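Please brief me on this model.

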Amino acid sequence: MSLEKVVRPFQSGDVFSPRVLPPTQPAQVVTETDPSTLAWSGGNSGDYDQGPDPWVSGFTSKWIEDKSRRVTEQVRVENPDDAEQYIEVKRIKQAVFKRQATGEEIKIGIDDWD
């Protein structure tokens, strides 16, 4: 029973006649004597340019951080498997945000990271 009889029970016989597929081509093995190589070069001076802030449509910030009052600490982050692999980062302990319109300030601080 074909699916056509389920979809169209009023249809007499098969709508589609069966076809024989042509034989497929045998697989061909391609051997490369000269493999392709991709090489590129580039460079960067390593200079960082802050540039302008990204443009954001319709967004105005009401609070701006006073970075002169930011309190940070130097933290050493080590690889748990090898203590000789580490980086040192500055972690923000306290930040002060100021509202432009009213001069109101909010202090945000982290008590303990552990």
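**Salt bridges and a hairpin**

Glu 78 and Arg 76 join their side chains in a salt bridge, 3.0 Å from N to O. A salt bridge here is a side-chain nitrogen of Lys or Arg within 4 Å of a carboxyl oxygen of Asp or Glu. The structure holds five of them. This is a predicted model: local features need pLDDT of at least 70, side-chain atom pairs count only at pLDDT 80 or more, and totals for chains, interfaces and linings use all residues. Residues are numbered from 1 along each chain as its sequence is written, and side-chain values use heavy atoms, leaving out hydrogens and water.

**Salt bridges**

- Side chains of opposite charge can pair when their charged atoms come close.
- Glu 78 has a relative accessible area of 41%, so it counts as partly exposed. The classes are buried (under 20% relative accessible area), exposed (over 50%) and partly exposed in between, with a 1.4 Å probe and protein chains only.
- Arg 76 is partly exposed because its relative accessibility is 42%.
- Arg 70 meets Glu 65 in a salt bridge at 2.8 Å, N to O. Arg 70 is partly exposed, at 33% relative accessibility.
- Glu 104 and Arg 99 form a salt bridge, with their closest N and O atoms 3.8 Å apart. Glu 104 is partly exposed at 41%, and Arg 99 is partly exposed at 27%.

**Strands S3 and S4**

- Strand S3 (residues 86-99) pairs with strand S4 (residues 105-109) in the antiparallel sense, over five bridges. Pairing requires at least two DSSP bridges between the strands. Strands are DSSP runs of E with at least two residues, helices are runs of H or I with at least four, and both are numbered from the N terminus.
- Ala 95 has Ile 108, in S4, as its bridge partner.
- The hairpin of S3 and S4 has five residues between the strands, and Gly 103 takes a positive phi near 80° there.

**Tyr 86**

- Tyr 86 lies in strand S3. Its relative accessible area is 40%, so Tyr 86 is partly exposed.
- Tyr 86 contacts Arg 76, Val 77 and Glu 78, leaving aside neighbours within four places in sequence. Contact means heavy atoms within 4.5 Å.
- Tyr 86 and Arg 76 are 10 residues apart in sequence and 6.6 Å apart in space, C-alpha to C-alpha.

**Nonpolar surface**

- Leu 3, Val 6 and Val 7 make a nonpolar surface patch of about 310 Å². Patch residues have over 30% relative accessible area and no salt bridge; like charges are joined within 9 Å, and nonpolar side chains (Val, Leu, Ile, Met, Phe, Trp, Tyr) within 5 Å. Areas come from the Shrake-Rupley method with a 1.4 Å probe; for residues, only the protein chains shown count as cover.
- Val 6 sits in helix H1 (residues 3-7). Val 6 counts as exposed because its relative accessibility is 52%.
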